[in-house]
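The structure is shown first, and the notes come after it.

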Amino acid sequence: MSNDRPDPTFNPLQGGDVPPSERLGMARRFFEALPHAVALGMEPEEMGDGVAVMSMPWREDLVGDPETGVIHGGAVSALMDTCCGAAAMSHPQLKGVTATIGLRIDYMRPATPRATIRVRAECHHITRSVAFVRAIASDGDETRPVATATGTFTVEDRR
């Protein structure tokens, strides 16, 4: 393969032979290239071995109900979907890219007004064609989730 073409097996969320200490920087650069992630202010906090943690700070333009100041459920959904996809992409068995097949989100309660939302997602199983992911969204109170999600994601092998 020529040096001017990207390696199709390289996955920026796995990092290949990149030390774990440098993977988060690579993940940040990857998410800076996703317009929706930038627009919503998503920030990767942890990435690797099938686990992703991302946050989205509260902003007034993300509020769903001005009377309560609670962040809109659609913004939370986007964060959960993105974090779940990142968890799948960071799994050592996934050697390519992924896309959402299905995502079920169960909202448990409204988020605390003005709170940062944090999602932890884990890719717990991969088959030849599907990655299975679970996630929890919280607002600082880990004992009371804002939402939980289960998702399925495509597995495209680019080896």
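The notes below are grouped by topic. The model is predicted. Its largest pocket holds about 200 Å³ of space, and the second largest pocket has a volume of about 150 Å³. A search of the whole structure gives 0 disulfides, while the salt bridges come to 6.

**Largest pocket**

- The lining of the largest pocket is made up of 14 residues.
- L34, D81, T82, G85 and A86 are the lining residues that lie nearest the centre of this pocket.
- Sorted by class, the lining of the largest pocket has 8 nonpolar, 5 polar and 1 charged residues.

**Second largest pocket**

- The residues that line the second largest pocket include V53, V119, A121, A135 and I136.
- Also in the lining of this pocket are R118, R120, E122, R134 and E142, together with S138.
- Both β6 (117-126) and β7 (130-138) supply at least two residues of the lining of the second largest pocket.
- The largest share of this lining comes from β6, which supplies 5 residues.
- By class, the lining of the second largest pocket has 5 nonpolar, 1 polar and 5 charged residues.

**Cysteines**

- The search for disulfides covers the whole structure and finds 0.
- The cysteine sulfur closest to that of C83 belongs to C84 and is 6.2 Å away, so the two are too far apart for a bond.
- C84 is likewise in no disulfide, and the nearest cysteine sulfur to its own is that of C83.
- A disulfide would need the two sulfur atoms to be within 2.5 Å.
- C83 is buried, because its relative accessible area is 0%.
- C84 also counts as buried, because its relative accessibility is 0%.

**Salt bridges**

- The count of salt bridges is 6, and three of them are described here, by residue pair.
- D61 and R59 meet through their side chains in a salt bridge, with an N to O distance of 2.9 Å.
- In this pair, D61 counts as exposed because its relative accessibility is 57%, whereas R59, at 27% relative accessibility, counts as partly exposed.
- R104 and D106 are joined by a salt bridge between their side chains, at 2.9 Å from N to O.
- R104 counts as exposed because its relative accessibility is 53%, and D106 is partly exposed, with a relative accessible area of 28%.
- R109 forms a salt bridge with D139, and their closest N and O atoms are 2.7 Å apart.
- This pair links distant parts of the chain, as R109 and D139 are 30 residues apart.
- R109 lies in the loop between β5 (100-107) and β6, and D139 lies in the loop between β7 and β8 (147-154).
- R109 is buried, because its relative accessible area is 15%, and D139 is buried too, with a relative accessible area of 11%.
- The cut-off for buried is under 20% relative accessible area, so R109 and D139 fall within it.

Methods. Residues numbered from 1 in each chain as written. Predicted model: local features only at pLDDT ≥ 70, side-chain atom pairs only at ≥ 80, totals over all residues. Heavy atoms only, no water. 1 Å grid on protein atoms, 1.4 Å probe; cavity = no way out; pocket = protein on both sides within 12 Å on 5 of 7 lines; lining within 4 Å. Points joined across faces, edges and corners; volume = space filled by probe spheres on them. Nonpolar A, V, L, I, M, F, W, Y, C, P; charged D, E, K, R; others polar. Helix = DSSP H or I, 4+ residues; strand = E, 2+ residues; numbered from the N terminus. Buried < 20%, exposed > 50% of the residue type's maximum accessible area, 1.4 Å probe, protein only. Salt bridge = Lys/Arg side-chain N within 4 Å of Asp/Glu carboxyl O.
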